[in-house]
Amino acid sequence: EVVKRGKDLEVYKSYLGVSNKIALLKEILIKNNIKAEEFAYFGDDINDLDCFNFSTFNGCPNNANTKIKSISKFVSSYQGGYGAFRDFVDNYVLLIK
């Protein structure tokens with residue numbers, strides 16, 4: 001389902017089942033010469049905590065883990081899978097450009 005949805009949205013690279021998200025995130029940033037203040041992170045669970053703490057810009061859906069919601073700079077009014085990420089991009093990421 002995730003891979004199919006990614007293809008529908010023209011997402012060309014995805015990482016499923018990652019146990020150490022912060023290590024992968026830092027690797028991607030280095031590989032692509034992206035500074036920490038030049039990316040946004042969107043997540044919903046406690047395993048996203050390190051990435052949230054590392055990111056300057058972050059957001060979550062309204063049904064995210066309470067700890068994630070408490071530190072998130074943007075909490076969507078939508079649930080995950082029901083427009084939350086689009087809401088994040090439209091109302092937060094595009095505004096900070």
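**Exercise 1. State the accessible surface of the protein chain and the share that belongs to carbon and sulfur atoms.**

Step 1. Accessible areas come from the Shrake-Rupley method with a 1.4 Å probe, and for residues only the protein chains shown count as cover. The protein chain has an accessible surface of about 6900 Å². Carbon and sulfur atoms hold 52% of this surface.

Step 2. The model is predicted: local features need pLDDT of at least 70, side-chain atom pairs count only at pLDDT 80 or more, and totals for chains, interfaces and linings use all residues. Residues are numbered from 1 along each chain as its sequence is written, and side-chain values use heavy atoms, with hydrogens and water left out.

Step 3. A residue is buried under 20% relative accessible area, exposed over 50% and partly exposed in between (1.4 Å probe, protein chains only). Of the 97 residues in the protein chain, 27% are buried.

**Exercise 2. Describe the fold and the overall dimensions of the protein chain.**

Step 1. Helices (H or I, at least four residues) and strands (E, at least two) are DSSP runs, numbered from the N terminus. The protein chain has 5 helices and 3 strands, in the order α-α-β-α-β-α-β-α from the N terminus on.

Step 2. The C-alpha trace spans about 35 × 30 × 30 Å along its principal axes.

Step 3. The radius of gyration is taken over C-alpha atoms, and the globule rule is 2.2 Å times the number of residues to the power 0.38. For 97 residues a compact globule would have a value near 13 Å, and the 13 Å of the protein chain agrees with this.

Step 4. Contact means heavy atoms within 4.5 Å. Among contacts with a separation of 6 or more, 21% join residues 24 or more positions apart.

**Exercise 3. Find the aromatic pairs around Phe88 and classify their geometry.**

Step 1. Rings of Phe, Tyr and Trp (its six-membered ring) pair if their centres lie within 6.5 Å; planes under 30 degrees apart count as stacked, over 60 as edge-to-face and the rest as tilted. This rule gives 6 aromatic pairs.

Step 2. The ring centres of Phe74 and Phe88 are 5.8 Å apart and the planes stand at 50 degrees, so this pair is tilted. Phe74 belongs to strand E3 (residues 74-75) and Phe88 to helix H5 (residues 84-96), so the pair ties together parts 14 residues apart in sequence.

Step 3. Phe85 and Phe88 also form a tilted pair, because their centres are 6.2 Å apart and their planes at 45 degrees. Being 3 residues apart in helix H5, these two are separated by about one helical turn.

Step 4. Phe74 is buried at 13% relative accessibility, and Phe88 is buried at 2%.

Step 5. Ring pairs link Phe42, Phe74, Phe85 and Phe88 into a cluster. Phe74 and Phe42 are 32 residues apart in sequence, with a C-alpha to C-alpha distance of 9.2 Å. Leaving aside neighbours within four places in sequence, the contacts of Phe74 include Asn58, Cys60, Phe88 and Tyr92.

**Exercise 4. Where does Asn33 lie, and is this residue buried or exposed?**

Step 1. Asn33 is in the loop between helix H2 (21-31) and strand E1 (40-42).

Step 2. Asn33 is exposed, at 69% relative accessible area. Its phi is positive, about 55 degrees, although Asn33 is not a glycine.
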